[in-house]
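The sequence and structure come first.

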Amino acid sequence: MACLKDYGEVYTSDILVVGGGMAGLVTAIRAKENNPELDILVIDKGIIGWNGQSTKAGNGIRATSKDPNGVMNALEYLVHAHTPFLNDQEFLKRYLEVHRDNIDYMKHCGVITSCDEEGNATPLEFIPGALDIGGVSIMVAKQLREFALKLNIRLLSRVNVFELLTSESGKVIGAIGFDMDHGECKIFHSKATVLATQGCHFKKIGLEFMGYGTGVGAAYRVGAVMANVEFSTQVDVVFKKTNTPIYGGFNMIQNKNGRNLTEHYIGHKEWEVTPALVEAMVKEVSDGNGPLWVNLEEPDEVRLMIGGTDMDESTQRMFRDKLAWEEHVFMKTARTSGDVGKQPETTIKTVIQVEPVKVDTDMKTNVEGLWVTGKMTTQGCAYFGWTRGDGLGNAATTGMMAGDSVAPYAADAEFDEINLDQVAALKEKIYAPLHRNTNRKPKEIFDQIERYIFDVRYAVTKDNDSIQKVLDDIQEMRKIVPELTADDPHTLAKCLEAADTILALEMIFRASAMREETRGIMYPHYRKEFPETDNKN
């Protein structure tokens, strides 16, 4: 009679954290500090401490102002200006309460942050009386790794998880995947499971961030609720030569004749890249007024605040290590394409990314035993997700919230029995591409999907025809999935990632078809046939 070990190597833990980036490590650390007796295991498909989005992020971390009215001021700002009335406001209020302490907690965990001579965190005001912004080392994940090891948190790198295990009642009790070096099956048995695996970013080329929706797909298949998926396109203004953001430079864009687009089309400075600016940039180029450029020799106040480099490092948002990385990118570009210069050409960069898992104020999903942190969520409950300067704040805050709630749960929980038939079926599904006699590769799917992020008709200015075109393409891509083949762990992972990427893409465009209005700022949902926001319906 078969036993669990016959299917793969088995790991047990009180808490399993899938994803060893900033959100996953903060979750594990916070839970361990709440209850040092807990056995906590963090796993990641890459190398924990050198993996995840925080290692490439903008180097800024936000916090709610410690003003006595800071939480309510921030709540009002976000609901009105950032996330127009699509919030779970109870969740957002709780988030902002914890968010108030995230820079201090990062410092407690050994992360280098902007501090004064006395060692106190010194963030700058971002929205007076509501939100502050500080700096954090680009080595934040490495510093969190070192702190986690001091707490005796177990870390396991190079393991990729694709499915969750459930009990007869539907409770999540672990996960299954394989190691990325040898392809050997790994089975995880836990009392509580936290997913911190990023969202889905729809690209095969390694720009700043990567994520293929495998955590989203795994959560969806066990019944986790998804929400606000139509708000999934983040737009930025970038150097055309390097494709890296011009931090805070979006109000400085000029056409070839020197006309400032923000002044001409919008009439006031913005703190985000808005759909109105995107439309203006597209129109100017279509009208023959390109190329578009920015004058970095004359920065405005937004550029100085968000992308300033001449402040003292105790208060600036971007630390020297981040600036050195940026300079490295620019030097490589200069060798092949020429110097970017002080009046560089600029263009639109659209990033389609899904962060849809709905959670409660404890970061717990509707599925028993399952928590979600970081960039898999918050958009699903607050339509808030990543707002400028808050990628790292989001990771820290959601990790703190999850760690506070998962620790007492795991301390009181028991191990549920694993269903061997389920393990066998999921293992067969995961390894299926290794046993197919076809020649279809996941690159076919990624090549097709990647086209959408370079076309504003699909990524930003959607209409019924462009939405239907993507949905039709999805049906054709679905036919390829059962024919995808692999002959090594890397390609096997790509086959499974391709399937979950299609799932996330379908979520976006089905939701986009249903929302017959235009709404949103940082993640705008724009429908050309419905250009107005419809609060009535």
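This is a predicted model: local features need pLDDT of at least 70, side-chain atom pairs count only at pLDDT 80 or more; totals for chains, interfaces and linings use all residues.

Helix H3 (residues 89-99) and helix H12 (residues 391-412) have axes that come within 9 Å and cross at roughly 100°. Angles of 65 to 115 degrees count as roughly perpendicular, so H3 and H12 are roughly perpendicular to each other. On the H3 side, the residues in contact are Phe91, Arg94, Tyr95, Val98 and His99. They meet Gly393, Asn394, Thr397, Thr398, Met400 and Met401 of H12. Sorted by class, the contact of H3 with H12 has five nonpolar, five polar and one charged residues.

H3 also lies across strands E3 and E5, and runs at about 110° to E3.

| Pair | Angle |
|---|---|
| H3 and H12 | roughly 100° |
| H3 and E3 | about 110° |

E3 and E5 belong to an open sheet of three strands, ordered E3-E5-E4 and with antiparallel pairing. Strand E3 (60-64) and strand E4 (124-127) are at the edges; each has a single partner strand, so one side of each is left without a neighbour in the sheet. On average, and with direction ignored, neighbouring strands of this sheet are turned by 40° against each other.

The pairing of E3 with strand E5 (residues 131-135) is antiparallel and extends over five bridges. Within E5, glycine 134 stands opposite isoleucine 61. In general, strands of a sheet pair through backbone hydrogen bonds, in either a parallel or an antiparallel manner.

Terms used: Residues are numbered from 1 along each chain as its sequence is written. Side-chain values use heavy atoms; hydrogens and water are left out. Axes are lines fitted to C-alpha atoms, for helices over the stretch in contact, and angles run from 0 to 180 degrees between N-to-C directions. Helices (H or I, at least four residues) and strands (E, at least two) are DSSP runs, numbered from the N terminus. Angles under 35 degrees count as roughly parallel, over 145 as roughly antiparallel, 65 to 115 as roughly perpendicular and the rest as oblique. Contact means heavy atoms within 4.5 Å. Ala, Val, Leu, Ile, Met, Phe, Trp, Tyr, Cys and Pro count as nonpolar, Asp, Glu, Lys and Arg as charged, and the others, Gly among them, as polar. Two strands pair if DSSP finds at least two bridges between them.
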